[in-house]
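My notes follow the order in which I looked things up.

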Amino acid sequence: MLNQIHSTEDIKKLNEEELKLLCRELRKFLLQKVSKTGGHLASNLGVVELTVALEYCFDLPADKIVWDVGHQAYIHKILTGRKDQFDTLRQLDGLSGFPKPHESDCDAFAAGHSSTSISAALGLAKARDLTGGKEHVIAVIGDGSMTGGLAYEALNNAGRDHTRLIVILNDNQMSIDTNVGAISKHLNNLRTSQQYRGWKEAVKQFRDNVPVIGEGTYQALKHVRDKSKMLLTGGALFEQLGFKYIGPVDGHDLPDLVEMFEGVKKMNRPVLIHVKTIKGKGYSHAEERPWAYHGVGAFDLKTGKSLSKGGKSWSSVFGDKMLEIGKRNPKVVGITAAMCSGTGFEKFQQAFPKRFFDVAIAEQHGTTFAAGLAKGGITPVFAVYSSFLQRAYDQLVHDVCMENLHVVFAIDRAGIVGSDGETHQGVFDLSFLSHIPNMTVLSPKNDWELEEMLEFAVNGWNGPIAVRYPRGTAETAFGEYKNPIAYGKAELIADGEKIAILAEGHMLKAAAEAAELLKADGYQPMLVNMRFIKPLDGEMLQQAAEKCEHIVTIEDNVKMGGFGSKVLEFYGERGMQKDVLNLGFPDRYIEQGTQSQLFERYGLDAAGIYESIKKRLGD
């Protein structure tokens with residue numbers, strides 16, 4: 001069946017049995033491809049029937065499907081003409097792992113972060129109404145994303161305006177880690193509403209068996225049934241927001257899904273369809289441990305075991321250090337936004353369950369929650385991915401830094417993350433953090449320095465502070481350099497003259513390799529591990545200016561507003577006319593690819609740094 005599908009029009013030619021066979025082939029194809037390329041697996045295995053039913057019933061690209069986050073859109077991509085590109089999934093210049101309108105006009109809206117789909121779909125629906133369109137607009141959102149406040153802002157807006165819109169709640173009880181919180185509990189109650197389904201069927205049978213009761217009596221019973229639904233299922237939450245609630249529905253029953261979607265298409269109001277799916281459906285390893293197969297690298301299809309090898313990750317270094325700190329300091333608590341395992345916080349959570357808080361996909365709340373804890377005399381450590389912290393910018397400014405509260409931000413996945421692409425590259429945090437008053441920003445060169453910076457941030461400081469570190473295996477080089485962390489002080493790795501190379505965090509390794517290449521050409525560059533991005537070490541910058549004609553800054557961040565910009569400001573404010581070469585990422589969204597590929601492409605590997613410096617020197 002799959003070989004016959006080149007667009008969604010081809011799906012509509014299949015009968016029910018052929019559609020079921022297509023679903024089986026899609027799972028097999030997905031497993032074969034993702035086991036080699038890596039990617040988001042369990043979430044896509046869970047939406048096969050749902051996606052097939054959607055694209056069988058609706059007309060793409062005229063009708064618009066907006067996928068929340070988008071990591072569950074692989075089946076959609078396969079069915080919309082991109083099957084033959086799947087060997088390039090998440091590869092450099094290859095097929096994206098998220099919806100991209102530039103790839104296909106069937107991708108209605110770009111995505112990558114959580115809880116945005118209903119807002120975007122509502123905007124598309126309003127635009128349709130304003131321009132006289134007739135198309136259907138569908139938002140597909142997971143129950144994990146429903147823990148994000150933006151989803152409820154959109155539901156409130158859509159229901160109030162009675163906009164014709166379909167929201168599909170894909171409920172698999174998971175986001176990346178297991179869902180938490182009152183919303184998750186509410187949805188769990190909806191899943192188990194057998195009482196209502198039994199009462200609904202009883203009303204139907206009564207009508208069918210006693211046809212003489214008349215339409216009026218039936219409508220009265222139906223009214224009672226609908227009120228019972230609100231009491232028995234908890235669907236009142238969505239009904240009160242102005243949506244017609246339908247569900248729970250078996251998300252793997254293809255004929256039932258098709259019948260339901262055909263009926264919903266005729267409704268002229270906002271509708272929310274609650275669909276139950278199994279994350280990892282069809283692959284036993286993923287069904288048993290869906291969190292472990294949310295995002296995977298290459299793995300053995302038979303055993304389910306990862307094929308990647310590497311040392312201890314930065315996240316693991318963080319997690320082990322936090323466990324140690326937690327044992328010594330009972331006032332330290334941990335916070336995560338649905339990313340306990342991703343950030344390495346599992347050991348702390350297991351050791352101190354009452355001192356660990358998973359706020360769900362709610363970075364804004366998590367940040368202000370941390371501010372409240374700090375105000376109450378607790379030391380919160382909020383571990384969060386760099387690109388997800390973007391959601392909490394106002395809370396950083398207004399609730400933490402303006403109050404000058406001791407909140408520690410452990411910023412994971414800072415800098416280039418690789419194959420997840422534009423939406424996940426953490427290349428903006430140096431820029432948006434370092435211009436906020438009262439904020440201190442550090443970046444470690446290696447695993448030991450991350451541990452020491454965490455120790456300083458938690459027990460040696462009393463204000464807003466962020467420690468940023470990258471994705472992947474923790475750097476172990478420069479183990480001989482173990483100078484104590486002192487506030488606002490850099491670390492001199494090698495003294496020199498003419499050229500000063502100032503490196504941020506893990507970029508020190510590439511900088512050091514470039515320095516060795518320069519030495520081979522007869523230069524003696526100064527090499528500095530900056531450690532503190534805010535405040536900068538003014539004495540070290542002054543020393544570099546006195547000894548060297550050329551200053552080179554290197555950072556895993558965009559150049560605009562980043563570390564290099566701060567160095568330029570430092571010299572400019574003092575009237576020091578220095579030749580400063582800033583090396584970082586340009587003012588653009590950085591595409592997918594491995595970290596090493598992207599560093600090479602943008603001249604931030606050792607060879608690229610060396611060539612840029614030589615060019616600046618005129619060699």
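I began with terms: two strands pair if DSSP finds at least two bridges between them, and helices (H or I, at least four residues) and strands (E, at least two) are DSSP runs, numbered from the N terminus. The model is predicted, with local features needing pLDDT of at least 70 and side-chain atom pairs counting only at pLDDT 80 or more, while totals for chains, interfaces and linings use all residues. Residues are numbered from 1 along each chain as its sequence is written, and side-chain values use heavy atoms, without hydrogens and water.

I then looked up an open sheet of five strands, which has mixed pairing and the order β14-β16-β15-β18-β19. Its edge strands, each pairing on one side only, are β14 (491–494) and β19 (579–585). I noted that β18 (residues 548–558) pairs with β19 in the parallel sense over six bridges, and that T553 stands opposite N582 in β19.

Helix α23 (residues 538–547) lies across β14, β15 (498–503), β16 (526–529) and β18, whereas helix α24 (residues 563–573) lies across β15, β18 and β19.

Last, I turned to I168, and asked which residues it is in contact with beyond its neighbours within four places in sequence. I168 is in contact there with L50, L54, I138, A139, V140, I141, F261, I273 and V275.

Definitions and conventions:
Contact = heavy atoms within 4.5 Å. Axes fitted to C-alpha atoms, helices over the stretch in contact; angles between N-to-C directions.
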